[in-house]
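Biologist: I'd like to learn how to read a few features of a model. Could you walk me through them?

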Amino acid sequence: MVTMTATLDTIAAQIQQGRMESAKQALQAARKSDGNSPDVLFLEGYVQELAYDRSHAMVSYRKALEQDPNHTQAAFRAALLSDQAGEDEDAIEFYEHCTKGDRAPVRAMVNLAVLYEEQGMLQDAEDLLEDVLQEYPNHARARHFLKSVHSGYTMAYDERSQREREQRDAVMDMPITDFELSVRSRNCLRQMSIRTIGDLLMTSEPELLAYKNFGETSLGEVKAILAQKGLRLGQGLQATAPPAPAPAPTRGPTEPTLQMHRPVSELELSVRSRKCLQRLGIMSIGELVQRSESELMSIKNFGLTSLSEIKRQLAQFGFSLRKS
C-alpha cells in the first residue's frame, strides 16, 4: 500500500517537474484521504500559487499553519506572497514564524532583515544578517544588505542630528517677548538689541550687569528663563567653530568605468529608495543608469521624492538616468 508520505513526495516531484495536471489529480486523491493534512494543504496552496491564484494560495497556507504551526514551508510561502503584495506587517509576521526553528530558511532570514531595515529596526536586521554570514561567510546577498544596514545607521544618525539642529534653531530664534519679564528687564534688553534667546547666549553676565539700570534682579529673571530651556548666559561664546569640511574628492572623467561598478549602497539614499531598487535587482550604478524615470516611477511606493533623490546622487558622479 502506498503511504501518504510517498504520495506527497510524488506530488512535490510532479510540481517541480512542471507536471501540474498530474499534480492536481494526485492532490485530489490525497485530499479525499486526508484533506486536513498540513502537507496536503501546503501543496494545494503551492499549486494555486503557481497558477497565479494567490488569494486561494494564502488561504491554503493559513489552513496548513492552523493544522501545524511549525510548518516552515507554508509560513515561508505565505511570507513571500505578503512581501510581494507590499503587506509588510503580514510578511514580517510570517517570516518571523518560519525563522524561529533551529534550521530557518536562509532566504527567509535575509528577506526579514530587509523588512526590518525598512521599518528602522536596524539592530534586528544586523543580527539576522550576521547569523547568516556566520554560517555562510560568502553569502553575497547577506553581505550586500549588511552593508546597506550599516549605511542606514549613518543615515539615521544624520536624520536625528538634523532634527536636533532644527529644534535647537527653533529655540535660538524664540523672541524674548515670549517670556514673562519685568518691564525694566524687557526695556534694557531691547535697548541692548537683544531680541532672541540666541542673542542672550552670545551675551555674558558682566555685559548685562554693565548696562545702566540692569541689576541683579533682572539678571536673575534672564537666567531663570534660560534655565527653563537648559541653557545659560554666554553659552554661545564658549562654542568653538566647527572645522571646515574636507573638500569632496574629485571624480575625474577618466574613471567612468570604475564609477559604473560602484554598488548603489554607496549612494546616500533613503531606505524606501534602496528597497525599491532592490526589488528591481539593481545592484550597481551602471545598472541604475540603464533605467528610465518612467521605469522607476512604475515601482510600488516609488514617488517623486525618491526619483529626485536618485537623480541628485547620480549627478554627483556625473551620470543620469536613461532617457525614455
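Modeller: Start with the nonpolar core. In soluble globular proteins, nonpolar side chains tend to be buried together. In this predicted model, the largest nonpolar core has 47 residues, and Ile11, Tyr61, Tyr95 and Leu129 have the most contacts inside it. Helix 7 (residues 106-118) gives the largest share of this core, eight residues.

Biologist: What counts as a core here?

Modeller: A set of buried Ala, Val, Leu, Ile, Met, Phe, Trp, Tyr and Cys residues joined through side-chain atoms within 4.5 Å. Buried means under 20% relative accessible area, with a 1.4 Å probe and protein chains only; exposed is over 50%, and partly exposed lies in between. Helices are DSSP runs of H or I, at least four residues, numbered from the N terminus. Local features need pLDDT of at least 70, side-chain atom pairs count only at pLDDT 80 or more, and totals for chains, interfaces and linings use all residues. Residues are numbered from 1 along each chain as its sequence is written, and side-chain values use heavy atoms, leaving out hydrogens and water.

Biologist: Which residues does Ile11 touch?

Modeller: Contact means heavy atoms within 4.5 Å. Leaving aside residues up to four places away in sequence, Ile11 touches Ala23, Ala26, Leu27, Ala30 and Leu43.

Biologist: And how many disulfides does the structure hold?

Modeller: A disulfide is a covalent bond between the sulfur atoms of two cysteines. The cut-off is a pair of cysteine sulfur atoms within 2.5 Å, and the structure holds zero. Cys98 counts as buried because its relative accessibility is 3%; Cys188, at 4%, counts as buried too.

Methods
Helices (H or I, at least four residues) and strands (E, at least two) are DSSP runs, numbered from the N terminus.
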